[in-house]
Structure formats: C-alpha cells, structure tokens
Amino acid sequence: MNRPNRPNGINRIPHLNRVPHLNRRILLSAASGGTLAAALPHHGRHPERPPGPSDRHRVRREEIEALHRAAAAVRHGDSRYGGGSAQAQAAGHLLDQWALPLFGRPLPPTREHELCAICAELARLAGWAALDTGRHAAARRHFDRALYWARAAEDPDAITYVLATMALHAALYSRPATALDMIQGALGPATHHASTLALAFTRLIEARAHARASDGRSAGIALASAERLLDAARPGGGPEWLDFFTHPRLAADAAEIHRDLGNSRACLAWHAQAEAMAPNAFTRSVGMRLAVVATAHLKAGDLEQSLAVGHRSVDILRQVDSRRARDYVLRLVHGLTPHRGLRAVDTFLARVRHELNSSGA
C-alpha cells in the first residue's frame, strides 16, 4: 500500500517503537492533523483494559467481526435517531479507542486491509454525525481521515463512497462547484473498479449538486444515469454499508432534487415512489423527505396539504437528534411566513418550536 511519509521528529514520540514498523506508518499517517495522541495504541486502549501480553498477539478474526457489527449498529442508529444520538456519536470512540489500537499488534496483510476499511467507515460515520449536528469543520476533518483509510485499504467502493459523501456535504452547504469537483474524483481512475451500486450513488450525488447549482439539464442527466446504474446493480453486488441505497431511496433524493429546481409536480411524483421507505428504519430520511414535500405543496399553493404533511414530518423528526433535519423543517417554516396569523399555521409553528426545540419557528 502507498502511504505518506512519516512526519518529522516522529521517533521522539514515547512508546512509538513498540508498534511494528509497517503498521506504525499507517497509524501515524492516518493520525496526522492533530489526532496523533488519540491514534497511538498506548492512548487508544480502553481505560478499563490495562496493557498486557495479549497486546502482542495477532489480531483475531472475532475482533474484526465485532468492529464490523459495531459499525453497522452505528450506521443504523444514525439513520434512526440522528447524528446527535449516542449511537451515532459512538463512531469516533470506536475508531480511536478500539479500531486504531489494533494496528499496534501483528496483522496479516488481508486483515490489515480489512481493518483499514473499517477505520474508513467509522471515520466517515463520525464525519456524518458531525455534519448532521452542524459541526462542519469537524465533519471535514473526519472525512479527510476516512478518505485516507479508504485509500490505505485499496478499496475502490470505500474511496468512491467517501468522496461522494464529501461532495454531498459541499452541495448541501452552498458549495456545489466544490461538490462537482469531488464527484469527478469519485468517478476517476482510482475508482475504476468500484461497484455499480457505488457508482450509482455517486451519480445521484452529482445530480443533487447540479440541482443546488440550478442546472436542471445536468441534474436530469446525472439522475437518469444513477437510475440506470441502480437498475443494473446485481443483488448483493455492493458493500453491505450501501444496502440502504434502493430505488425508494433514489426516489427520495430525486424528490429533493426537483424541489431544489422548483418543479413541485416532479417532486411530488418522485415522493410517491419513495413511500416504501420504512420510517422505523430510515427515520431521519423519511422525516426530511416529508418536510421537502410539504415545502413543494406550499410552493404549489396548497397550504392545507403542506401543513398536513408538515405535521407528519414533525411526528417523525421529534424522535431524531439532527440539526440538519430541523433545518429542513425550518425551510418550510420560512415559507409559511406570509401565512402567519392563520390559526392552522400558528398551531403548526408552535408545534415546531415546542417539539423540535426550534427558535426559528
């Protein structure tokens, strides 16, 4: 694996020479940018587990599998309870306290690659939790770490997915040109062997970036490409952590794409195809989509239906700790400003204030 050079003065760090040379280089490179102390094995051990002879033993298959299960639990918890939940916030702890310390023990090459991939996913999840709670500088730092580990794992799907996630972050927060640059990287030579599913997801994010840039033609082309690729993806042909990306999920994003482009009719048509998403599993996504649809109804002049769907959104999102999701509802709230004073509108705004703890309502 190609890895960056070690920072200058690295041999002066206490206890570093205990780490086998090959894994030590990975550890130090990934920990650059202020995260070195958290990454070193003597800092990273769980405080209840003192160092002992077991630290010199090879990393067991069971330990890798446990990290896979933990990452999956974080992913599902984030989707259901939001980035501010304890489940989502565990990603950074799992990375620094449990995954990275394993590099201080002997690792066969195959297991080393797999551990790098787990680190990439945990760092990406930590970044997503930070993004979801409005901590954007922290999100970028975590995503940078995730991209390093994905490259260290030599995993085209992971590289593609991390770059697409970074692009989505940029697109959502008023940097569509930056997002499109990242998409070009996600579709470049380094990801030539990425799965069809990963490429489909990347094209979908490209469509979202074009929509945020008000380029309807390019958004439509990218969305159609994403749909074709998703149709062509064979069952089980992508990584487990992309199993959420189904036709209803594509439809949910397509609804938002058309909301951003000002096409309420298309937004509502795509929303109908996304209704199969289960709110008890994709709680945040379903709640946000309903806020998007409520905004589309409002733009189409149907205040009654907008409020009805808005209430459904609040029903779902009151269970979710996500600043990003609240921002979607606040966009609806802003659109309702001309209708303040109407009893039904004021009732909805009061509910948003009380149940979503939103001062913007």
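Trainee: Why is Trp241 called buried?
Mentor: In this predicted model, Trp241 has a relative accessible area of 15%. Buried means under 20%, so Trp241 is buried.

Trainee: What makes Tyr161 and Trp241 a stacked aromatic pair?
Mentor: The ring centres of Tyr161 and Trp241 are 5.0 Å apart, with 15° between the planes.

Trainee: Which parts of the chain does the pair of Tyr161 and Trp241 tie together?
Mentor: Tyr161 lies in helix H8 (residues 156–172), and Trp241 in the loop between helix H11 (216–232) and helix H12 (247–260). These parts are 80 residues apart in sequence.

Trainee: How do you know that Tyr161 is buried?
Mentor: Its relative accessible area is 7%. The limit is under 20%, so Tyr161 counts as buried.

Trainee: Why is the pair of Tyr161 and Phe244 called tilted?
Mentor: The centres of these rings are 6.4 Å apart, with the planes at 40°. Tyr161 and Phe244 are 83 residues apart, and both are buried.

Trainee: Which residues form one aromatic cluster with Tyr161?
Mentor: Phe201, Trp241, Phe244 and Phe245.

Trainee: What does Arg75 touch, and is Arg75 buried or exposed?
Mentor: Arg75, in helix H4 (residues 61–81), touches Glu121, Leu125, Glu240 and Trp241, not counting residues up to four places away in sequence. Its relative accessible area is 12%, which is under 20%, so Arg75 is buried.

Methods:
Residues numbered from 1 in each chain as written. Predicted model: local features only at pLDDT ≥ 70, side-chain atom pairs only at ≥ 80, totals over all residues. Heavy atoms only, no water. Phe/Tyr/Trp six-rings, centres within 6.5 Å; stacked < 30°, edge-to-face > 60°. Helix = DSSP H or I, 4+ residues; strand = E, 2+ residues; numbered from the N terminus. Buried < 20%, exposed > 50% of the residue type's maximum accessible area, 1.4 Å probe, protein only. Contact = heavy atoms within 4.5 Å.
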